[in-house]
Amino acid sequence: MPSKKALVRRPSPRLAEGLVTHIEREKVDVDLALEQWEAYVEALRTHGWETVEVDPADDFPDSVFVEDTVVMYKNVSLITRPGAESRRDETMGVEEAVARLGCSVNWIWEPGTLDGGDVLKIGDTIYVGRGGRTNAAGVQQLRAAFEPLGARVVAVPVSKVLHLKSAVTALPDGTVIGHIPKVDRPSLFPRFLSVPEESGAHVVLLGESKLLMAASAPKTADLLADLGHEPVQVDISEFEKLEGCVTCLSVRLRELYA
C-alpha cells in the first residue's frame, strides 16, 4: 500500500546564516520563516500527509532543507554525504528517523558526495544531477544502491542552479517541468514542459491532481490549473532567499512497507 509520510525539520535559529551559491544574499526574517514553515507543514497535513518531525539541528543553519540528507527508493534509504562539508552532520538525526520507520539504511561514503536535492524520481527512473554538490562518485554509489532494486539511474548535468530540483520537477503523469533559462539539457527528459517562472519549476505531488508549489509562481499556477491540476500555493519567501523551494523542505516517503 502507498504510504503518505513526510519527514520535516524545524528551522534552525541560525537559518539566516545558510549557504547561498547562485544568488545574492538577502536578509532572512527567521521569525517569518518559522511561520512559513509551520504553514508548509500544515498544508501537507491538510492533504493527507502524516508529518514526522526529525530532531532539530539548531547548530546547522541549512538543516531545515531536510531533503538533502536522504534519498528514498521503495523502502530503502540512502543517507547522503552533502557536498557542502558544513552540512554533513545534519544526516545523523535523519538516519535515526528513517530507521525508526523501518527503512533499510545505506550510506554514501567518501569520496562520494550527494545532495538529495539533486535526485528526481519518476516511477522507477531516478535522475541525478551531477553538479556543484553531487560528484561522480556519489552518482556511482547511488546507482549501486538502487539499480539492483529495479531503478534506472540517469545522470544529468547541473550548472545553472544549486540542485537538479532547483531546475526541474515532475507532474503526476511524469512530464518534467522547468524554467528554460535554468535547465542545462531539457532534451534529456522524454516529456518536458516549459514554465514561465523559475519557482514554478518546483512542485510536490500531494496526491490525485494536487500540486504543492510556491506562491511566488502565480503564472505557472495558472498554467498548471489550466492543464487540469490543482495548485496548492504556500508562501516560502524566506527559504527562497537561501535557494530553497517546496521540495527541499520535506522528504516524502511514498512506498513504506506495511
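Which residue in strand 10 does T169 stand opposite? I looked this up to start the notebook, and T169 stands opposite I177.

**Before going on.** I noted that this is a predicted model, where local features need pLDDT of at least 70 and side-chain atom pairs count only at pLDDT 80 or more, while totals for chains, interfaces and linings use all residues. Residues are numbered from 1 along each chain as its sequence is written, and side-chain values use heavy atoms, with hydrogens and water left out.

I found three strands in an open sheet, in the order 9-10-11, with mixed pairing. Strands here are DSSP runs of E with at least two residues, helices are runs of H or I with at least four, and both are numbered from the N terminus. Two strands pair if DSSP finds at least two bridges between them. Strand 9 (168-170) and strand 11 (192-194) are the edge strands, each pairing on one side only. I also looked at strand 10 (residues 176-178), which pairs with strand 9 in the antiparallel sense over three bridges. A handy reminder for me: strands of a sheet pair through backbone hydrogen bonds, either parallel or antiparallel.

**The cores.** Next I looked for nonpolar cores, meaning sets of buried Ala, Val, Leu, Ile, Met, Phe, Trp, Tyr and Cys residues joined through side-chain atoms within 4.5 Å. Buried means under 20% relative accessible area, exposed over 50%, and partly exposed in between (1.4 Å probe, protein chains only). The largest core has 26 residues, and Y40, L44, L212 and F239 have the most contacts inside it. Among the elements that give two or more residues to this core are strand 1 (5-8), helix 1 (30-46) and strand 13 (210-214). Helix 1 gives the most, with six residues. Another core lies apart from this one; it has 15 residues, among them L7, V52, V54 and V98.

I then followed F239. Leaving aside neighbours within four places in sequence, F239 is in contact (heavy atoms within 4.5 Å) with residues including P11, L15, W37 and F65.

**One threonine.** Is T91 buried or exposed? T91 counts as buried because its relative accessibility is 9%. I placed T91 in helix 2 (residues 91-100). Beyond its neighbours within four places in sequence, T91 is in contact with T69, I79, T80 and P82.
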